[in-house]
Amino acid sequence: MREVVAEAQRPVFLYSVGKDSAVMLHLALKAFYPAPPPFPFLHIASGWDFADLLAHRDKMVARHGLDLIVASASDADQARVTPFTAGADVYAETLLTGPLKAALTAHGFDAAFGGGRRDEEKSRAKERIMSFRSTSHHWDPKNQRPELWDLYNLRLSPGESIRVFPLSNWTEADIWAYIAQEMIDIVPLYLAAPRPTVERGGQIIVLDDDRMALAPGEAATLRSVRFRTLGCWPLTGAVESTAADLPSVIAEMQASTTSERHGRMIDVGAAASMEQKKQAGYF
Amino acid sequence: MTEPDKRELLRFITCGSVDDGKSTLIGRLLHDTGMIPDDQLVALAADSRRLGTQGGDLDLALLVDGLAAEREQGITIDVAYRFFHTAARSFIVADCPGHEHYTRNMITGASSADLAVLIVDARGGLTAQTRRHAVLCNLVGVRAMVLAVNKMDLVGHSPAVFDAIVADFTSFAARIGVTLVGAVPMSGLKGDNVCAPSPNMAWYDGPTLLTLLETADVRADLAAAPLRLPVQWVNRPNPDFRGYAGTIAAGTVRPGDAVRLLPSGRISQVARIVTMDGDLDRAVAGQSITLCLADEIDCSRGDVIAAADAPPQSANQFEATIVWLDEAPMKVGRGYWLKLATQMVSATVQQPKYVLNVESLDHLAARTLDLNAIGVAELATDRPLVFEPYADSRVLGGFVLIDKLSNHTVAAGMLNFGLRRAQNIHWQALEVTREARAAQKQQRAAVLWFTGLSGSGKSTIANLVEKRLLALGQHSFLLDGDNLRHGLNRDLGFTEADRIENIRRVGEVAKLMTDAGLVVITALISPFMADRDTVRAMLPAGEFIEVHIDTPLAEAERRDVKGLYAKARAGQIANFTGIDSPYEAPVAPEIRIDTMRETPEAAAERIVAYLNGPHRDTFQLLE
């Protein structure tokens, strides 16, 4: 992180407010201590964010005096595209990738920190720690710069940018162990609590507000659930769990036999879909 | 269950030729150590039916082959990092490509590895690729190797085949100086001797591959070495705090330790080791820290904080081993950015002393380095580098070269040693300074560097500028490319290498003339941006004024004042800029002259106005 700050003109922290972001924020606070992190924090709000997540974001911003920028799709796009009317690809492109690219361009950010990890998804295993994007934010997996030792070539031509993944070599287990060890504050949704839910398409959806119309035969049920990963609420499946504190979450995770992004409906589709989204500019 | 972060970490790479079964082997390791979650196994079963090469069986290679393009080609094209653990150790596997054209990715994977697993197809034995990979690993300091003789099921589990391959490799390993940690006969496809001993090869009583990985002893003790802390970032949140942040490359540091700052050589003491969780009383190699020193001394990014009694060397000429990673061959004499630890300097590489044939290990003569070539060459930097030989320190001995135009990483290198002659030639301090010479002429020295196509109007406008300066009483000198080629540069032709040398010489002459206080005007095509930037870097900030005489090729060819375009089109002149040799236009020249819109007289007026303008600070026009 310090390497990027030393060499980039205008770095930004992509703050998703999830657990990886929480760890990365903690690392940033440590890396620059006693100075505050010398870059702004960008949150892409889709309009379908968990209320608890937004509250946690604002709490962190206030506690650490962070410079927060919130970017969203236009009102027209938000009205046109919803999780219930649009396919996963159109949804991600319109409400997430589009506003992200627009914000990066509008603010002239040339380096963006993201919480991606190589263990998350197959195409991310091949991601560099410093990942180069063309002027249109596209990723060319065949033309990435070699990263030798810990030497990063951060030189850019005008308009090009880099995505930086400081957590590349962390695993989900490492993230939880670190959160427990450093007592990092995370969004409460990661811990089990009784929440109103509905089952749809094999996933348990937590009803975060009243915008989701129930189909005939569906009924809101109170279940004790938590999340392994946080996206937009209508598109993120919860897991049934009673793990209400960190040690029990870690114990559950070690016993788990499904992968973390299993609950992300945005990943469903052709097997290489994440890679295609990345080439188009998704994180 | 042990906490993952409490286990010892081993980073290793796997290398092998296409179809040696590397991806299958890694898939096997992940699968047999229980790393594959159920939902991924379900997806794998579906993928195996659709894409697999194992009939209806699970194709474990698909777990590892992440990228769509490579799935289609059926080969691995990039480095992929995989994670697994056992009770004994955590592992990070760099899956290194077997494809000939992707050596750079293998070097990447190997540069941070502790151990290499070389995979050999039992049917084919050692190949040129295997030897190349062993040499590359050894080159970047991976000395511990495991030989995995794969696909034993396809040679009837024959001990004779295995023994022959091991004997072959052992003699090769001895020649290049690597340690063979072990050799295992196995089958990644069937799982024999990967994680569990094989009933099919009872004749083999050695450890399985996994056992070897769990027990290999590969760590050097870096904490005991003298302190090396490359300064990454200066932390200055307010005037009362000044900390130097970086990752300790070697050694141990405690408050009160005497340290020497390089390259300045100043000595100070460590006052504090600052962290968010309170000050530390010691920190060791590998830790990222922020140090405060007892004295207010100048120290910035790129400096190295070292043990006062055992500092590293500094030099500006070196012998280095270089692995060329770019499609375009190395340009001898061209300036590249060189990044070593947190230092960034401009460097030029000499013609290689030799390139290494990785199969015969012969030293071959070469004029340059092509993609994937490994050579030894001397290089010179524009400022001294604080360094250690790569054999002593990966951090202070390993570097990359970056093309100044494309910003691509074009080479990886390892410093072997600094050259004595650089340490013994000192600058003679001149008592009459360049500033005094310029002041005597009541002007500020500068280089007006004209660049543009042949026939664009460089010489015409340069002559007008010089006349105008003479009329103003300013002292100038015009260096014309064509004229210089009759004398100083008459030994040079028009190949890319000769053009680079041509520019270098003109740049040096221009620099001497600015030292004498003159306004130098150069009129050369100077087609390559990197070479112009090299001259820019030779001069003090603000003294290099790039003037782009911008005439479209069609117009220059239409004018064809010297009849050269006609000759080039007729094939009588080779390497002619704009015809069969590229012209790289300046991206942000100080002055751009569009000759389609501006007369030569108006252009000359504008150039002189810029030269004597207010933004070139101190200079005042003569009355």
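Guide: What follows is a set of questions about terms, each answered by setting a value beside its definition.

Guide: This is a predicted model, in which local features need pLDDT of at least 70 and side-chain atom pairs count only at pLDDT 80 or more, while totals for chains, interfaces and linings use all residues. Residues are numbered from 1 along each chain as its sequence is written, and chains are lettered from A and ligands numbered from 1 in the order in which they are written.

Visitor: What makes B:I607 count as buried?
Guide: A residue is buried if 20 or more other C-beta atoms, placed from the backbone, lie within 10 Å of its own, exposed if 12 or fewer do, and partly exposed in between. B:I607 has 24 C-beta neighbours inside 10 Å, and therefore it counts as buried. B:I607 belongs to helix 18 (residues 600-611) of chain B, where a helix is a DSSP run of H or I with at least four residues, a strand is a run of E with at least two, and both are numbered from the N terminus.

Visitor: Which residues is B:I607 in contact with, leaving aside its neighbours within four places in sequence?
Guide: Contact requires C-beta atoms, placed from the backbone, that lie within 7 Å, and on that basis B:I607 touches B:L448, B:V465, B:V547 and B:I591. Across the 623 residues of chain B, buried ones make up 45%.

Visitor: Why is helix 6 of chain A called roughly antiparallel to helix 7 of chain A?
Guide: Axes are lines fitted to C-alpha atoms, for helices over the stretch in contact, and angles run from 0 to 180 degrees between N-to-C directions. The axes of helix 6 (residues 172-182) of chain A and helix 7 (residues 246-255) of chain A come within 10 Å and cross at roughly 165°. Angles under 35 degrees count as roughly parallel, over 145 as roughly antiparallel, 65 to 115 as roughly perpendicular and the rest as oblique, so helix 6 of chain A is roughly antiparallel to helix 7 of chain A. Among the residues making the contact are A:W176 of helix 6 of chain A and A:M253 of helix 7 of chain A.

Visitor: What makes strand 2 and strand 6 of chain B edge strands?
Guide: Two strands pair if DSSP finds at least two bridges between them. In chain B, 6 strands form an open sheet in the order 2-3-1-4-5-6, with mixed pairing. Strand 2 (80-85) and strand 6 (179-185) of chain B each have a single partner strand, so one side of each is left without a neighbour in the sheet. The twist from one strand to the next averages 25°.

Visitor: How do you know that strand 4 and strand 5 of chain B pair?
Guide: Strand 4 (residues 115-121) and strand 5 (residues 144-150) of chain B share 7 bridges, in the parallel sense, and the definition asks for at least two.

Visitor: What makes strand 18 of chain B mostly covered?
Guide: In strand 18 (residues 343-349) of chain B, 5 of its 7 residues are buried. Strand 18 of chain B is joined by 6 bridges to strand 17 (residues 335-340) of chain B, the two running antiparallel, and by 3 bridges to strand 21 (residues 374-387) of chain B, again antiparallel.

Conventions. Two residues are in contact if their C-beta atoms, placed from the backbone, lie within 7 Å.
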